[in-house]
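Keep the sequence and the 3D view open as you read.

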Amino acid sequence: MSQEKKVRRIILHYPDDTPAGYIEYADGFSSIYDNEGNFLFKVEGKFPPPPKKSSDYSWVDKVLEKGLQDSRKRFILYVASRYLVNVKGINEDDALNILKEFYYKLQSGKVYESWLKSVLNGVKKKGLLPWSLKRIEERDKEMYNEIMKVLKNN
């Protein structure tokens, strides 16, 4: 029994709506063809890449600087790791040190370096962006309240 590849085809158009070719997306790669079906190039991931939102993440630096009383691991997982690696472009070793400093700023407790490395590696490989304040408010009210305490005391 042969496995059938799932190929998704997207038709491209010029601004005047004339046909420009097409893209075939399969197995994590996009193959781009002109209007006559001639292969042009192949890229990893989706083509064209989705536009990056120019979100304001300045609040993340303030939270990293001041620290959190609670929700620190969730903040690292969903916000700080993604911000440091994929928005600021900091290398993993420097990001690891920043996250450890953040974690131990206000409270005791333990965070394993291996967990931090795993989180940093995962968000870098997947290119994950940090949660926005709005998303945090919707998904994790407790963490949102902790963040807002820090931002209001600034």
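Predicted model: local features only at pLDDT ≥ 70, side-chain atom pairs only at ≥ 80, totals over all residues.

Side chains of opposite charge can pair when their charged atoms come close. How many salt bridges does a search of the whole structure find? The count is 10, and we'll visit some of them below.

Before that, let's step back and get the layout. The protein has 6 helices and 4 strands. If you trace the chain from the N terminus, you pass through the elements in the order β-β-β-β-α-α-α-α-α-α. As for overall dimensions, the C-alpha atoms fill a box of roughly 65 × 40 × 30 Å along the principal axes. A compact globule of 154 residues would have a radius of gyration near 15 Å, whereas this protein comes out at 21 Å.

What about the surface and the inside? The accessible surface is about 10,600 Å², and carbon and sulfur atoms account for 49% of it. Of the 154 residues, 32% are buried. Now look at how the chain meets itself: take the contacts between residues at least 6 apart in sequence, and 45% of them join residues at least 24 apart.

Glu24 and Arg9 pair through their side chains, with N and O 2.6 Å apart. Glu24 sits in strand S2 (residues 19–26) and Arg9 in strand S1 (residues 8–13), so this pair ties together parts that are 15 residues apart in sequence. Arg9 has a relative accessibility of 49%, so it counts as partly exposed; the cut-off for exposed is over 50%.

Stay with S1 and S2 for a moment, and find the loop between them: that's where Asp17 is. Asp17 isn't a glycine, yet it has a positive phi of about 75°. Is Asp17 buried or exposed? At 56% relative accessibility, it counts as exposed. Asp27 has a positive phi too, about 55°, and it isn't a glycine either. You'll find Asp27 in the loop between S2 and strand S3 (29–33), and with 58% relative accessibility it is exposed.

Now move on to the helices. Helix H4 (residues 113–126) holds both Lys117 and Glu113, which are 4 residues apart, about one turn of the helix. These two form a salt bridge, with their closest N and O atoms 3.4 Å apart. Lys117 is partly exposed at 43%, and Glu113 is partly exposed at 34%. Another salt bridge joins Glu137 and Lys141, where the closest N and O atoms are 3.4 Å apart. Glu137 is partly exposed, with a relative accessibility of 33%, and Lys141 is partly exposed at 45%.

Salt bridges can also link up, and here Arg74, Asp140 and Glu142 form such a network. Glu142 turns up again at our last stop, Ser71, which touches it. Ser71 is in the loop between helix H1 (58–66) and helix H2 (72–87). With its neighbours within four places in sequence left aside, Ser71 is in contact with Glu142, Met143 and Glu146. Its relative accessibility is 4%, so Ser71 counts as buried.

Note on methods
Residues numbered from 1 in each chain as written. Heavy atoms only, no water. Helix = DSSP H or I, 4+ residues; strand = E, 2+ residues; numbered from the N terminus. Rg over C-alpha atoms; globule rule 2.2 N^0.38 Å. Buried < 20%, exposed > 50% of the residue type's maximum accessible area, 1.4 Å probe, protein only. Contact = heavy atoms within 4.5 Å. Areas by Shrake-Rupley, 256 points an atom, 1.4 Å probe, with all protein chains shown as cover. Salt bridge = Lys/Arg side-chain N within 4 Å of Asp/Glu carboxyl O.
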